[in-house]
Amino acid sequence: MARIRFRDVRHAYPPPKGQQPVYALNEINLVWEDGGAYALLGPSGCGKTTLLNIISGLLTPSEGEILFDGKEVTHLPTSERQIAQVFQFPVVYDTMSVYDNLAFPLRNRGMDEKLVRDRVEQIAEMLDLTANLKKRASGLTADGKQKISLGRGLVRSDVNAILFDEPLTVIDPHLKWQLRSKLKELHQQVGMTMIYVTHDQVEALTFAEKVVVMYEGTVVQVGTPVELFNRPRHTFVGYFIGSPGMNILPCTIDDGQPVFGTNPLPVQSRIKNELSGKLEVGIRPEFVEFAADGIPVIIEKVEDLGRYQVLTLAHESETIKMVMREDQLIPSENPRIQFDPGHTQVYCDDWVVEEAVNE
Ligand code: ADP
Ligand code: MG
């Protein structure tokens, strides 16, 4: 196992003739701690697969270095990196039995047949494949084949890390839940570094200790699910994580305080006045509440989601979402709202404005 580090990594695929290269990954500096359970979360096209392929060595980055435990591996081939990778679609040898498919990565490294059997049986048991071990892989359903793929990723215990690239996309929702729990369990048992790629926030937040959020080729935040919820460092994290996502509203700064429309917003510490760029204030729907002397709003919609309600509010041309527990009351006239100062954050050109250090 190893600590995996990215130092100033950038990557551009070869551009079509006559065109300038476009970077699929912008400068990435990142450490994957040994034994961590990470989710790599971001929308389609943001560079997740590119990043995984750089870790496993399927791709050499255009710039920068990859280090495993401080040793540079940027140009080492995949076979010398000891990385297991599970892809989005099943990679199995159709003509081989399920057993032989699972045994393949071990036999390939010359493991003793008895040890191979122990390990294959153990992994098959975990993935509910025991009854299918003698069958040909071609006879299995898409779910079954993807389980073999997962098994092939998990079977080696000598790897530096296991990379899962949206491995449960083709799997039915119930089984998906089961398999994800199994992966998590396995992580707790063997403590191997796991990087799990997904574009689904629920999947990311339930699997990982740390979530790496990517947006347009950049890692915008690495944090625990709680950190991503409470302190999004980038408006994309605010918007992408949470349901509904964070309200991002235009603002100005006056005397160290954000102002939304004509409404000054209390915050915990003063904001620098000399910011230049697009200024916005972010507040999660969970931290908006009704208050007698707050900002006047119109209630446009109330959605009852069982334990809580989601309200759509309007203040002039801006829409604000609010989450309320079902036992809280909606004012019958002149509704006004306020934002929790401890959760009101200012963003400049999409990046959070660090709180000013008290002078
Ligand atoms: P993700 O896995 O997050 O969906 P990818 O890493 O596959 O994203 O892609 C990142 C960007 O790189 C996208 O704009 C994609 O079109 C581009 N890209 C990916 N693979 C190639 C390739 N082989 N050649 C050229 N462009 C590519
Ligand atoms: Mg991908």
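Predicted model: local features only at pLDDT ≥ 70, side-chain atom pairs only at ≥ 80, totals over all residues.
1. Ground rules. Residues are numbered from 1 along each chain as its sequence is written, and chains are lettered from A and ligands numbered from 1 in the order in which they are written. Local features need pLDDT of at least 70 and side-chain atom pairs pLDDT 80 or more, while totals for chains, interfaces and linings use all residues, and side-chain values use heavy atoms, without hydrogens and water.

2. The shell. Tyr13, Ala24, Pro43, Ser44, Gly45, Cys46, Gly47, Lys48, Thr49 and Thr50 surround ligand 1 (each with a heavy atom within 4 Å of it). By class, the shell holds four nonpolar residues, five polar and one charged (Tyr, Cys, Ala and Pro count as nonpolar, Lys as charged, and Gly as polar). Helix α1 (residues 48-56) contributes the most, three residues (helices are DSSP runs of H or I, at least four residues).

3. Polar contacts (N or O pairs within 3.5 Å). Oxygen atoms of ligand 1 lie 2.7 Å from a polar backbone atom of glycine 45, 3.1 Å from a backbone N or O atom of glycine 47, and 2.9 Å from a side-chain N or O atom of lysine 48. The protein buries 54% of the 560 Å² that ligand 1 exposes when taken alone (Shrake-Rupley areas, 1.4 Å probe).

4. Helix packing. The axes of α2 (residues 98-107) and α4 (residues 142-154) come within 7 Å and cross at roughly 30° (lines fitted to C-alpha atoms over the stretch in contact, with angles from 0 to 180 degrees between N-to-C directions). Therefore α2 and α4 are roughly parallel to each other (under 35 degrees).

Key: Polar contact = N/O pair within 3.5 Å; in protein donor to acceptor, adjacent residues only side chain to side chain. Helix = DSSP H or I, 4+ residues; strand = E, 2+ residues; numbered from the N terminus. Parallel < 35°, antiparallel > 145°, perpendicular 65-115°, else oblique.
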